[in-house]
Amino acid sequence: PRADGFRMPAEWEAHQQTWMAWPERPDNWRLGGKPAQAAFTAVAAAIARFEPVTVCASAAQYENAVARLAEYSNIRVVEISTDDAWVRDTGPTFVINDQGAVRGVDWAFNAWGGLNGGLYFPWLRDDQVAQKILQIEGCQRYRTEGFVLEGGSIHVDGEGTLITTEECLLNANRNPHLTREQIEALLAEHLAVDTVIWLPDGLYNDETDGHVDNFCCYVRPGEVLLAWTDDANDPNYPRCQAALRVLENARDAKGRSLTVHKIAIPGPLYATAEECAGVDWVAGSQPRDPSIRLAGSYVNFLIVNGGIIAPKFDDAKDAEAEATLKQIFPEHEVVMVPGREILLGGGNIHCITQQQPSA
Ligand SMILES: NCCCCCC(N)=O
C-alpha cells in the first residue's frame, strides 16, 4: 500500500463507520453469549450516537441481531460467518490515500497463536472476515499471506509512527520465520510507517500475548496513554515501568519525544465461579476460571467521530478513569459503557470494533 500512496490513518481521523461482530460461541461467551450480546448491543448503540455501525452476524443469529438492534436506524446487520466476534483482529486494517480512496489490509490470522497457544481451533472463518468486509465495501484488498498480525496489536499516530509490543509481534506463535527487522519492513510497507516503537510486554495475563491496544494507545500525535499501577506487588508493575522507560527515551517519526499520560489499571479483576460455570468446556478453547486474573484495562476504548467509547468495570477506579479520559480528550464526549461481559471473553471495546475511515 505505501508504494500505492496509502497509509493507516490515526483512530481520531474521520470515520465512515465502525464494524462489529455478534458474539455467540458458547465456549467463549457464557450462557450462549446472551449477556455478551446485550453488552455488544450497548457498545453499538453508544457508537451509533456518533457514527454508523455495521454488525456481522451468523445466519443462526441474524434475525435475533436484527431485532435487538432495530431501534438504531444507523446500525445495519450483514450476514458473515465468523469463528468469534473480535473484528479488531479479524477485520481489515483500512488505509487511505491523499485522494480520499480507501483500501484494506487483510492480515493473516491464526487465533492469537495458532496451535502454539492459540485461543480456539479452527479459525478459517475468522481469517476470511477481512476479505468479506472489503468485498461488501468495494475496497481493494492487500493480502499478507504468511504474515500474521492482529489489528489490536498495533497503534499508529497517522504521521509515520507505530507502537506495538515485543510480547506479541516477536512471539514464536505469530511469525517465527521473520526477524524484528523483517516485521518492521512489512509494517512500513503496508501502513506507511517509518518508526516502530517496541514496548517489551503488554498487560499481565492478556491472552492475546500482550496486545498494545489493551495497554498503551495514542491520544494525539506525540502523546500516548499508558495503563499504570504504582503497586510494586502488582505483576503489571515491571511491565508498566519497562514501557515507560521505552516511551520516555523514544523519538517518533517526526523526531518528537513523547508525552506519556497514565491511567489506572482496574481491579485486580477476576471472574466469579458462577460466570465461569456458564461457559462450555471445549478442548482447545481458552479455560475460564475464578483463579485467573482478568486483563482489564481502561485503555481498551474506541475513538469515534467526536466521542470516546470506553469500558467501565463497576470498579473503584471507574470514576478516576473517566475523569482522566475527559481531561485527555476535552473535545470528545466520553461515554463509559459496561465492559465486564466483554472482558470475560478476553478483550474489550477496542477489540470488538474496527473503524473504517471516511474517504
Ligand atoms: N478470546 C479471544 C480474545 C481476543 C481479544 C482480542 C483483542 N484485540 O484483545
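A backbone N or O atom of Gly-345 sits 2.9 Å from a nitrogen atom of the ligand, a polar contact in the sense of a pair of N or O atoms within 3.5 Å. The model is a predicted one, where local features need pLDDT of at least 70 and side-chain atom pairs 80 or more, while totals for chains, interfaces and linings use all residues. Side-chain values use heavy atoms, with hydrogens and water left out, and numbering runs from 1 along each chain.

There are 13 residues around the ligand, with Asp-89, Glu-207, His-211, Gly-345 and Cys-351 coming nearest (a heavy atom within 4 Å counts as near). By class, this shell has four nonpolar, five polar and four charged residues; Gly counts as polar and Cys as nonpolar here. The ligand takes up the space of the largest cavity (more than half of its atoms within 2 Å of the grid points).

As for open space, the largest pocket holds about 190 Å³. On a 1 Å grid over protein atoms alone, a cavity is where a 1.4 Å probe fits but cannot get out, and a pocket is an open set with protein on both sides within 12 Å along at least five of seven lines; lining residues have an atom within 4 Å of a point. The pocket lining comprises 16 residues, with Glu-207, Arg-288, Ile-292, Arg-293 and Leu-294 nearest the centre.

Technical notes. Points joined across faces, edges and corners; volume = space filled by probe spheres on them. Polar contact = N/O pair within 3.5 Å; in protein donor to acceptor, adjacent residues only side chain to side chain.
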